[in-house]
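Take a look at the structure below before reading on. Turn it around and follow the chains with your eye.

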Amino acid sequence: MSVTVSDEPLAAKPFEPTAYHVREGGQGVALDVRNFNLWYGKSQALFDVSMAVQKGLVTALIGPSGCGKSTLLRCFNRMNDLVDDLSIQGEISVDGTSIYAPGVDVIALRKRMGMVFQKPNPFAMSIYDNVVYPLRVDGVSNRAVLDETCERALRAAALWNEAKDRLQESALSLSGGQQQRLCIARAVASDPEVLLMDEPCSALDPIATAKIEDLIGELKGHYTIVIVTHNMQQAARVSDNTAFMYLGRLIEYGHTQTMFVTPKKQQTQDYVTGRFG
Amino acid sequence: MSDTTAGAGQATKPAEGRRVRKLTADLSAVGEPALWGFGGALALGIILIAGFLALVAWNGLTTFWPKPIVQVELRDGTVIAGEPARYGRFRPGADVLERLSPEQREEIAARGGYSDRTLYRTANFDLYGNDFRWVPDFEVRSTSLPQDFLLFERQEWGPFIGRIAGLVLDNRPVPRADITLDMVRRAQEEARERFRATRRIERHDIGAVNYYMEQERLAARRAEIRFGADSPQARAAAEQSAANIAALQEEFARHQARVAEIRAVDSRNRIVLEEIGGRTKETELSQIVRFFPSNAIGLWESIGIYLSRWAEFLTDEPREANTQGGVLPAIFGTVAMTLIMVVVVAPFGVITALYLREYARQGRIVSTVRIAVNNLAGVPSIVYGVFGLGFFAYTMGTTIDQLFFPERLPSPTFGTGGILWSALTLALLTVPVVIVASEEALAAVPRSMREGSLACGASKWQTIRYVVLPKAMPGIMTGLILAMARGAGEVAPLMLVGVVKLAPNLPIDGFFPFLHLERSFMHLGFHIFDVGFQSRNSEAGKPMVFVTTLLLLALIVVMNSTAVFIRNRLKRKYSTGQF
């Protein structure tokens, strides 16, 4: 099956520069996936995926369970390396550099990408230590820098007001929604270029979900965000571009409004209208 | 329902005859007969453990309580005095029955041929050649509790039961009528002070002189090995050390003179003890550790004696072939050996587990290694002892001796059993427990934690160091606690690699390098074996066995509770709140 992506729907929307674009100097492609195939052992999980994630925008990956959207997301920061017996073909590049090329510093790559997981996974440390963890492993020990980062990240994750008086308390004393926002704070603490979110709301109640969605709205424009979600309303609410995947293939990729209102493919139409999936 | 006054009441109270049956109480109704089995097994286990602990605690705690001295007059006219130690039932032989009167025979026959008897601790081993004596009830004419009988605990020969027949103070006999207990007590306390002073001089001062003399000898020998026996350096060193040794010998003689002086005073202060049969025994007052009139003391004095015996037990050295006195060297040896073992086994086991679980490629080789580790836990401990002796002491130790202590050869330094080799042998014995527990704990750290850390740009080692290990620490501690309990209670391998019957010198002292890992040591577990089964009179050692067992159990409980306390603190710190 050939790739369905075209630049046409992405370009259809008039471009509005965000803070990110101002900071990074213009729009363009943040993550470029070209003819990417992936196998877990002998079973193929991704088939010839090609897509270009736009800088400074929110890209949602949707599709039924097992369609490979999480797999694709975890390729961006090479978290899939932890899986034994993994093989790939094709290319993913960040700023024109292939991330699967030999000799790539995986740790440096991961520092450029913040990641938020399905379940909140704060470490068994204080709130403060959780947030500054990416800096600590980087060797930063200047207290002023750490304090400043902690406040900035917690403010960015809209957790500052709730957590500022209990920074030294265990992160595990926070509620589930707060923990997830803490994980977002941790992901943005090292000021990454890309924020990868793997179903960040699936373990949360509706109120916490709404808070996280608001937060994504606020973070949008500051980072390139790729979010995997099961929830079509969520994808419609938070994203600029949407990619629909099915059985390991990228079916359609385009501007979110187009995807939900006038999809090109019948499969997309069926999925977003809830006829299957 | 009869009462229908309020509508609300109707709504909340169930109608008559429809009461909900509670299922929780009736096991057969629940239909789980296995529950009886499970509960029964648990109850049986608890009863066994509680019974064992109660036995040890009762015997251990009552050992030091002063017992009465009973004077027994036998039918054949002899009189004995002793502390009743034990009661029993026995079947008198035909030759014994023959000698008895018909009434006595009838009485025994009425009881099915059995009679009761009492074991008296008659003490006075030096006079009787025995500490204990069984007295059948039918031989007893009368018993009484004489107020003037005293129990003397002596430095040597064990206890003495008898009266004070005479007192010699400064070579002048005190008239018998003038002797009072207070007077004896004062004199005895002074004498004990002298005894402690001589021991201090012998241990501390003379010990130091000996140590320095040995150092001098070794320095000369070192020069001889290094430069050759005929070299000028060796000769110079020999002369130097000979001069130093001469100076030290003067000091040695001075200390010995001091000891002799005190001993001379000691020999002028004596006490004459008289046993119940009238035989007397004269001994120096300084040899009397403690004495009291067993039957004439009140509750408070009993408590005082009880506590003073415990204090001696916990803080003093053994005497009388370990059946009397204290066990301080054994306590120290047990704790020190266990701590060294933990210090060795913890990093070794945890690092192995980390490699197996985090780094090694899971496959057939790792599975084989894992099975092998599990099997190691089943190897009999004496095998570890043999291995420890052969590998640690004889191979490694001998090599160390040749490399670092050539001047002491042929007497071994590390080339024989010692506390270090014991700790290493036990570490080997317990490392499978630590590995298995640590692996389980590492495996239980959720994958999401590792991913979270790696996604932050942490390296694998940073992830393990900051996220995985802290999270796994409570589980690792559990493994260490199990290892510690096993190690502290193990005796068999230690008998081969360093435990000895008597080693009053602790492995720690004031001489460089302060901690002497090559020294042999005493161990409570071995002490139990030694006192209970290797001493000249196992009956005399029996109370000591119980007290030592109690102490060993208490020690293990204390060490384990400390570890559990630390683990629980870690657990609270790392307890997961939400998921």
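## Chain B as a whole

The model is predicted. Chain B holds 18 helices and 13 strands. Its radius of gyration is 33 Å, well over the 25 Å that the globule rule gives for 579 residues, so chain B is more spread out than a compact globule. The C-alpha trace spans about 105 × 95 × 55 Å along its principal axes.

How much of chain B is buried? The share is 32% of the 579 residues. Consider also the contacts in chain B between residues at least 6 apart in sequence. Of these, 71% join residues at least 24 apart.

## Where the chains meet

Chain A gives 22 residues to the contact, and chain B gives 22 residues. On the chain A side, helix 4 (106–111), helix 5 (127–137) and helix 8 (176–189) each supply at least two residues. That side of chain A divides into 11 nonpolar, six polar and five charged residues.

## The nonpolar cores

In soluble globular proteins, nonpolar side chains tend to be buried together. Here the largest nonpolar core has 154 residues. A:A157, A:A185, A:V188, A:V226 and B:V434 have the most contacts inside this core. Which helix gives the most to it? Helix 13 (residues 419–443) of chain B does, with 16 residues.

Leaving aside residues up to four places away in sequence, B:V434 touches B:V345, B:A346, B:G349, B:V350, B:G479, B:L480 and B:A483. A second, separate core has 26 residues, including B:V70, B:V135, B:F149 and B:L167.

Strands of a sheet pair through backbone hydrogen bonds, either parallel or antiparallel. One open sheet in chain B has five strands in the order 4-3-2-1-5, with antiparallel pairing.

Strand 1 (residues 70–74) of chain B runs antiparallel to strand 5 of chain B, and four bridges join them. B:V72 stands opposite B:T143 in strand 5 of chain B.

Strand 9 (residues 270–274) of chain B is joined to strand 7 (residues 160–169) of chain B by five bridges, and the two run antiparallel. The bridge partner of B:V168 is B:R270, in strand 9 of chain B.

Strand 9 of chain B also pairs with strand 10 (residues 280–284) of chain B, over five bridges in the antiparallel sense. B:E274 stands opposite B:T280 in strand 10 of chain B. Strand 9 and strand 10 of chain B form a hairpin with five residues between the strands. In this hairpin, B:G278 takes a positive phi near 100 degrees.

Is helix 17 (residues 524–533) of chain B enclosed or exposed? Seven of its 10 residues are buried, so helix 17 of chain B is largely enclosed by the rest of the structure. Among these buried residues are B:F526, B:H527 and B:D530.

Now find B:V344, in helix 10 (residues 328–359) of chain B. B:V344 has 18 C-beta neighbours inside 10 Å, so it counts as partly exposed. Not counting residues up to four places away in sequence, B:V344 touches B:A423, B:L424 and B:A427. B:V344 and B:L424 are 80 residues apart along the chain, yet their C-alpha atoms are separated by 7.1 Å.

Notes: Residues numbered from 1 in each chain as written. Chains lettered and ligands numbered in written order. Predicted model: local features only at pLDDT ≥ 70, side-chain atom pairs only at ≥ 80, totals over all residues. Buried ≥ 20, exposed ≤ 12 C-beta atoms within 10 Å, placed from the backbone. Contact = placed C-beta atoms within 7 Å. Rg over C-alpha atoms; globule rule 2.2 N^0.38 Å. Nonpolar A, V, L, I, M, F, W, Y, C, P; charged D, E, K, R; others polar. Core = buried A, V, L, I, M, F, W, Y, C linked by C-beta atoms within 7 Å. Pairing = 2+ DSSP bridges.
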